Amino acid sequence: MLRGALHVYHQAWPLLIALGVGFVAAFGILFLYATWVYVRLAESHSAYGVRTVQTTALLVIGALIVFQGYVLLAPDPVHVKSDDVYAEYSQLHPLLRMSVAPTVLVDEHLLITDLSRHPRDYEAMGLPTNPRSLHYPQSGGYVHAVDLRTKGHYEVRNLLLQGYFAALGF
């Protein structure tokens with residue numbers, strides 16, 4: 001779902017269409033897997049029929065809706081550095097939110113340290129102001145960057161996290 005939506009979005013399609021394409025692609029793949037598993041399990045017990053296809057489709061759609069709902073909501077405050085960053089979470093681009101959420105499920109120590117910035121924030125950090133920073137709200141109104149804490153974590157973990165986002169297309 002994530003990779004498909006990002007691919008379509010990078011082709012300059014609107015966000016809602018990208019989300020829809022990702023949803024449909026994920027549905028298709030999960031439906032095929034779920035049907036295959038169900039047929040294998042039910043092979044000796046009953047005939048495969050239309051009812052099975054309907055049940056499988058409803059289960060897959062339900063799982064995808066629950067997942068999309070989960071990822072678009074704000075993360076557990078334990079995974080966010082401050083109340084200010086937590087309050088900014090809705091400004092994060094939905095596709096980036098969808099990509100960060102699964103990492104919270106896998107890495108219980110993940111910490112989101114920063115989302116949006118202003119030029120004065122760079123000055124306060126002692127860094128030169130970057131006029132092209134993706135931490136600034138972009139043309140669609142969303143922030144296209146998120147900072148995750150890497151300090152104090154194993155290098156392998158940080159490389160895997162970097163590889164995950166690179167594999168998605170970030």
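For the charges in this chain, Lys and Arg count as positive and Asp and Glu as negative, while His and the chain ends are not counted. The place of a charge is taken as NZ of Lys, CZ of Arg, CG of Asp or CD of Glu. With those conventions, the chain has 11 positive and 12 negative side chains, and the centres of the two sets lie 6 Å apart.

Before I continue, two remarks on the basis of these values. This is a predicted model, in which local features need pLDDT of at least 70 and side-chain atom pairs count only at pLDDT 80 or more, whereas totals for chains, interfaces and linings use all residues. Residues are numbered from 1 along each chain as its sequence is written, and side-chain values use heavy atoms, with hydrogens and water left out.

Let me turn to the overall architecture. The chain contains 7 helices and 2 strands; these are DSSP runs, with helices being H or I of at least four residues and strands being E of at least two, numbered from the N terminus. Read from the N terminus, the order is α-α-α-α-α-β-α-β-α. The radius of gyration of the chain is 20 Å, well over the 15 Å that the globule rule gives for 170 residues, so the chain is more spread out than a compact globule. That radius is taken over C-alpha atoms, and the globule rule is 2.2 Å times the number of residues to the power 0.38. Along its principal axes, the C-alpha trace spans about 70 × 35 × 25 Å.

Of the 170 residues, 36% are buried, where buried means under 20% relative accessible area, exposed over 50%, and partly exposed in between, with a 1.4 Å probe and protein chains only. The chain exposes about 10,800 Å², and carbon and sulfur atoms supply 65% of that area. Accessible areas come from the Shrake-Rupley method with a 1.4 Å probe; for residues, only the protein chains shown count as cover. Among contacts with a separation of 6 or more, residues 24 or more positions apart account for 65%; a contact means heavy atoms within 4.5 Å.

I now come to the aromatic residues. A pair of aromatic rings is described by the distance of the centres and the angle of the planes. Rings of Phe, Tyr and Trp (its six-membered ring) pair if their centres lie within 6.5 Å; planes under 30 degrees apart count as stacked, over 60 as edge-to-face and the rest as tilted. The structure holds 4 aromatic pairs. One of them joins Tyr122 and Tyr136 edge-to-face, at 6.1 Å centre to centre and 80 degrees between the planes. This pair links distant parts of the chain, 14 residues apart: Tyr122 lies in helix α6 (residues 119–124), and Tyr136 in the loop between α6 and β2 (147–148). Tyr122 is buried at 6% relative accessibility, and Tyr136 is buried at 13%.

Phe165 and Phe170 also form an edge-to-face pair, at 6.0 Å centre to centre and 65 degrees between the planes. Phe165 is buried at 13% relative accessibility, whereas Phe170 is partly exposed at 43%. Ring pairs link Tyr164, Phe165 and Phe170 into a cluster.

Which residues does Thr103 touch, not counting residues up to four places away in sequence? They are Leu110, Leu161, Tyr164 and Phe165. Thr103 itself sits in helix α5 (residues 94–106) and is buried at 7% relative accessibility. Tyr164 is also touched by Leu2, together with Met98, Ser99, Pro102 and Leu168, under that exclusion of residues up to four places away. Leu2 belongs to helix α1 (residues 2–10) and is buried, with a relative accessible area of 12%.

Leu111 lies in the loop between α5 and β1 (112–114) and is buried at 15% relative accessibility. Beyond four places in sequence, Leu111 touches Val78, His79, Val80, Lys81, Asp147, Leu148 and Arg149. His144, in the loop between α6 and β2, is partly exposed at 29%. Its contacts, not counting residues up to four places away, are Tyr9, His93, Leu96, Leu134 and Gln138.

Finally, is Ala12 buried or exposed? Ala12 counts as exposed, at 69% relative accessibility. Ala12 is found in the loop between α1 and α2 (15–42), and has a positive phi of about 70 degrees although it is not a glycine.
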